[in-house]
Amino acid sequence: MGEQTRGSATVRKHHKRRWMGFVLTPLLFVILAAAILYELLFLLVGDVVGYAGMAFLDNPPVLSDEIRSIFVEPPEQSGEDTGVSVALSEIEFPSYDTIYGRIQIDSVGIDCPLVYGDSDKALLNGAGQYIGSYLIGYGGTTLIAAHKNLHFEKLPGVKPGDLVTVTTSYGVYRYKVVGTAVKSDADATAYDLSREDENIILYTCYYEKTPVGNVKKRFYVYGDYVSGPMLDKDA
Amino acid sequence: MKKALIAFFSMALAVMMVLPVSASAPAGLNENEQRIMELIRSKNPLAGREYIVPVSYANQAENFFLQVDVTAEQADEIIGYIQKGIDKLKLRQDVIRAAGGDVFNLRGLAYNDKKDILEYGQKACAVVGLNLIFDGTNVVITDAKDNSKLYFSDAPIIKVTGMETSTNTAMIVGIVLAVIAVGGAVALVIRKRRQMA
């Protein structure tokens, strides 16, 4: 009787092992193989879909590798006081991917060119300004990005009260840091492009450990205008 | 930027640049440009809702106008083109799906309607020597003679500013490692059980 019980238990165990060997394991491999195929096909099909979308392209942009610069250091102490203005008609409006200034944050040792436009090329050459934000001194929000592993590596060290200095050919501007924040890259509350007062927003990627894949968080620094010549829109 | 943003807003900006404008030193917006900007920044009723051009789009238009001079006649025509675009959309409002908030999604439009709007914008841009393209992901407007001069893009506002390891590559590597690990574990279990038997 006992041997029969042990025997049937062995048979059940054997069946279980066979079931695992012949069903579960292949199933697992099929799922994993399907996942790999999906990823590979996604890469291939994704390209094809992208090319199909290019049916609209008549003349795709050919961006040159050069970064132009119109930045010239202004005379020392030029127009740092509030109340001083510069005629908008007297400055050269920077074209896309053009260096037109310099950003310095002495408290953390940041010192890099300011580029109008935030293309990949611009971000390799300095801090890039989003073209849907306004020129420094125009009287609105200037939104500026730079790579965490290049020009804004030390941005997360910036504290409220620190000074951000932006030097352009038409004047030197100072902004006092009034706050910092870590937000998702999809969080539109992180910036306000409709403000009508002079202010600056700097951002870079934020992570505590070396990331794998795209970084979703950004570190923002918000600065309010302290000094520098405002651009006179009527002149 | 929201993926659901409609191409129309891009087209509208292209339409605004429809007439020859003379390049000039930057100056504030003249009366004509202000009229156009007022229209761009206004709320427009459509499909039972009100839509606005995203601020980031409007700011790009304003930055463009700072670099040119638009005459009264040109402004009238530009405003006419914008109105024409809106009227066209109104004819198709039954298929316009509201994406929520104040931004509409025109994915419901027929292919030909979208194509018409795009071609309309392209032709309008060509008149002023600008080039509008849609690369399958983004709409961009550049100087037709110098593609490095970009005036508009509907690409996301917040850029990638960190390491650029491909997510797909990372996933593939992860899956391959998982397969190897699971395969190794299964082989080990089978081997042990055989040894025990």
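Predicted model: local features only at pLDDT ≥ 70, side-chain atom pairs only at ≥ 80, totals over all residues.
Residues are numbered from 1 along each chain as its sequence is written, and chains are lettered from A and ligands numbered from 1 in the order in which they are written.

Chain A contains two helices and eleven strands. Their order from the N terminus is α-β-β-β-β-α-β-β-β-β-β-β-β. Chain B has six helices and nine strands.

Burial was counted from C-beta atoms placed from the backbone: a residue is buried if 20 or more other C-beta atoms lie within 10 Å of its own, exposed if 12 or fewer, and partly exposed in between. By this count, 34% of the 235 residues of chain A are buried. In chain B, 37% of the 197 residues are buried. Contacts were counted between residues whose C-beta atoms, placed from the backbone, lie within 7 Å. For chain A, 64% of the contacts with a separation of 6 or more are between residues 24 or more positions apart. For chain B, 69% of the contacts between residues at least 6 apart in sequence join residues at least 24 apart.

Strands of a sheet pair through backbone hydrogen bonds, either parallel or antiparallel. Two strands were taken as paired if DSSP finds at least two bridges between them. In chain A, strand β3 (residues 98-105) and strand β4 (residues 110-116) are antiparallel partners with seven bridges. Ile105(A) has Ile110(A) in β4(A) as its bridge partner. The hairpin of β3(A) and β4(A) has four residues between the strands, and Gly109(A) in this hairpin has a positive phi near 85°. β4(A) also pairs with strand β5 (residues 127-129) of chain A, in the parallel sense and over three bridges. Here Leu114(A) is bridged to Ala127(A) of β5(A).

A positive phi is also found at Asp97(A), a residue other than glycine, with a value near 60°. Asp97(A) is placed in the loop between β2 (85-87) and β3 of chain A. Asp97(A) counts as buried because 23 C-beta neighbours lie inside 10 Å. Val11(A), by contrast, is exposed, since 10 other C-beta atoms lie within 10 Å. Val11(A) belongs to helix α1 (residues 2-53) of chain A. The C-alpha atoms of Val11(A) and Phe152(A) are 66 Å apart, and these residues are 141 residues apart along the chain.

A nonpolar core is a set of buried Ala, Val, Leu, Ile, Met, Phe, Trp, Tyr and Cys residues joined through C-beta atoms within 7 Å. The largest such core has 78 residues, and those with the most contacts inside it are Leu114(A), Ala127(A), Ile144(A) and Ile201(A). Strand β9 (residues 199-205) of chain A supplies the largest share of this core, five residues. When residues up to four places away in sequence are not counted, Ile201(A) touches Thr141(A), Leu143(A), Ile144(A), Tyr191(A), Tyr220(A) and Tyr222(A).

In chain B, an open sheet of three strands has the order β7-β8-β9, with antiparallel pairing. Its edge strands, β7 (130-134) and β9 (150-153) of chain B, each pair on one side only. Strand β8 (residues 139-143) of chain B is joined to β9(B) by three bridges. Within β9(B), Phe152(B) stands opposite Ile141(B).

Chain B also shows a helix pair. The axes of helix α2 (residues 31-41) and helix α3 (residues 55-65) of chain B come within 10 Å and cross at roughly 175°. Axes are lines fitted to C-alpha atoms, for helices over the stretch in contact, and angles run from 0 to 180 degrees between N-to-C directions. α2(B) and α3(B) are therefore roughly antiparallel (angles under 35 degrees count as roughly parallel, over 145 as roughly antiparallel, 65 to 115 as roughly perpendicular and the rest as oblique). At this contact, Glu33(B), Met37(B), Ile40(B) and Arg41(B) of α2(B) meet Ala58(B), Ala61(B), Glu62(B) and Phe65(B) of α3(B). In α3(B), nine of the eleven residues are buried, including Ala61(B), Glu62(B) and Phe65(B).

How values were computed
Contact = placed C-beta atoms within 7 Å.
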